[in-house]
Amino acid sequence: MMSNPIKNLTKKEWALWLISLSAVVLSNLLSENIDLLTLFAACIGITSLIFAAKGNVWAQILMIVFSILYSIISWRFHYWGEMITYLGMTLPMAVWSMITWMKNPSENGNEVAIQKLTKKHILALAFFGTLTTIVFFLILRALDTPNLAFSTLSIVTSFLAAALTMLRTSYYALGYASNDLVLIVLWVYASLGNPMYIPVVVNFIIFFFNDMYGFVSWKQREKQVENRKYAAG
């Protein structure tokens, strides 16, 4: 599980990785004020998503780093919801996911074993998702957070994405893709007030396409596992 994730990338994944990094770097260079923290965070985030698509545990290690960097970026714009979410929820759940993924390797030992959602999982996600929505809505409202509705929605989608990652299901990628869409809206609002945040919008657009690739990749692996079981049975 701690094997070098780069050596297992396909040509298609190399292309996606390099194109994504190039788009992020270009958007930052074209910005009037280059923010190195935003650029570095985006590169870390993209690399994490590429590794996550492979089911490699290094994805979660990089997600821990990204959570810290993104929290700082959110703090600077007073997006308290984003800061609280990534420091208080996404980061610890990434640590938990890292441990869970390491304990549940696939047959080849290079990637995490995929788990199917059960009714118990779905009920737990619904309950804790609802609880998270209510609690954080009250906290964010008390903090007078900008764009309260979208900030709350961002927390809910972040929670679901992180929880689904921990549960080792392919739907983690759809959770993150949904969160990307919400964050695109949030940072569009932010960039209207300060154009320096336009690269952040571009970053999450790139993240969205990488997350969708992750979903397709995990579904393909899921099908391969089922085919092997069928052949063996």
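This is a predicted model: local features need pLDDT of at least 70, side-chain atom pairs count only at pLDDT 80 or more; totals for chains, interfaces and linings use all residues.
I started with charges: the protein chain carries 16 positive and 11 negative side chains, with the centres of the two sets 12 Å apart. Lys and Arg count as positive, Asp and Glu as negative, and His and the chain ends are left out; each charge is placed at NZ of Lys, CZ of Arg, CG of Asp or CD of Glu.

Residues are numbered from 1 along each chain as its sequence is written, and side-chain values use heavy atoms, without hydrogens and water.

Next, the fold. I found eight helices and zero strands in the protein chain (DSSP runs, H or I of at least four residues for helices, E of at least two for strands, numbered from the N terminus).

Then I checked burial: 50% of the 233 residues are buried (under 20% relative accessible area; exposed is over 50%, partly exposed in between; 1.4 Å probe, protein chains only).

Last, the rings. I got 17 aromatic pairs in the whole structure (Phe, Tyr and Trp rings, the six-membered one for Trp, with centres within 6.5 Å; planes under 30 degrees apart are stacked, over 60 edge-to-face, the rest tilted). Phenylalanine 127 and phenylalanine 128 sit 5.0 Å apart by ring centres with planes at 80°, so I logged them as edge-to-face. Phenylalanine 128 is partly exposed at 42% relative accessibility. Phenylalanine 150 and tyrosine 189 make a tilted pair, 6.2 Å between centres and 50° between planes. Phenylalanine 150 is in helix α6 (residues 148-166) and tyrosine 189 in helix α7 (residues 172-193), so this pair ties together parts 39 residues apart in sequence.
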